[in-house]
Amino acid sequence: MTTYTTLTAPVEHRLTEKNSDFLTFLQPVTDRELALQWLQHYRERYKDANHVCWAYIIGNTRQPLTQAFSDDGEPSGTAGKPMLHVLTERGLGNTLAVVVRYFGGVKLGAGGLVRAYSAAVSQATALASFTTISPQRELTLSLAFADEARLRQLLQQCAGEVLTQHYSHQVELSVRLPEPAVSDFIEQMNNVTAGQAQILSPLGTN
């Protein structure tokens, strides 16, 4: 998993092309189900629209967990796919784009539709603010009670967090920290605990 960007907040934008209104909505989403919930919201909100076209990407745009799009009655390939292309080109993961079209009486033709839907999403992204999503690594650690305070301090220095803790004859901590900080954290952990701390779980990335 590589670093990618997503929306900090939802975006709304209006584009008028030859009397047709294109209302664009960009919505941060974390999974397919949430994307479809938002899509249903816009369909109900704009029941009188001629078309409610959409595209979403979940995860990193270069290796998405899932992605989909719909032309919603527009000629095939003129709406959803161009919208998805803009999201991909902008590197916008975990994002749903919805474009609501009210037909203005003038046909745009296939090329005109592609340009209009692309421009609608592109102009909306120009208004957006972004957050960088970095890959995270989760580790389960076993260490002596005497080392816990220093390890928590080290974790904080590496921008990590404790997810769970369990106390028995040792301290067991489940932690999460940015992927780039993992090797440095492990090296410093071995120094702090004189090599006594153990990593119990496989080094999984999420």
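A residue is taken as buried when its relative accessible area is under 20%, and in this predicted model T125, with a relative accessible area of 2%, is therefore assigned to the buried class. T125 belongs to helix α3, which spans residues 109-126. When residues up to four places away in sequence are not counted, T125 touches L26, R90, L92 and F130. With R90 there is also a polar contact, made between the side chain of T125 and the side chain of R90 at 2.5 Å.

The strand arrangement is described next. Five strands form an open sheet in the order β2-β3-β6-β4-β5, with antiparallel pairing. At the edges stand β2 (11-17) and β5 (66-70), and because each has a single partner strand, one side of each is left without a neighbour in the sheet. Neighbouring strands of this sheet are turned against each other by 15 degrees on average, when direction is ignored. Helix α2, comprising residues 80-89, packs on the sheet and touches β4, β5 and β6, while its direction makes about 35 degrees with that of β4.

Within the order of the sheet, β6 stands between β3 and β4. Strand β3 (residues 20-28) runs antiparallel to β6 and is joined to it by eight bridges, and in this pairing F25 has V98 of β6 as its bridge partner, whereas L26, one of the residues touched by T125, stands opposite A97 in β6. Strand β4 (residues 51-58) is likewise antiparallel to β6, the two being joined by seven bridges, and here the bridge partner of A55 in β6 is A97.

Along the chain, Q40 and V52 are 12 residues apart, and their C-alpha atoms are separated by 9.9 Å.

Notes. Residues are numbered from 1 along each chain as its sequence is written. This is a predicted model: local features need pLDDT of at least 70, side-chain atom pairs count only at pLDDT 80 or more; totals for chains, interfaces and linings use all residues. Side-chain values use heavy atoms; hydrogens and water are left out. Two strands pair if DSSP finds at least two bridges between them. Helices (H or I, at least four residues) and strands (E, at least two) are DSSP runs, numbered from the N terminus. Axes are lines fitted to C-alpha atoms, for helices over the stretch in contact, and angles run from 0 to 180 degrees between N-to-C directions. Contact means heavy atoms within 4.5 Å. Buried means under 20% relative accessible area, exposed over 50%, partly exposed in between (1.4 Å probe, protein chains only). A polar contact is a pair of N or O atoms within 3.5 Å; within protein, one must be able to donate a hydrogen and the other to accept it, and residues adjacent in sequence count only if both atoms are side-chain atoms.
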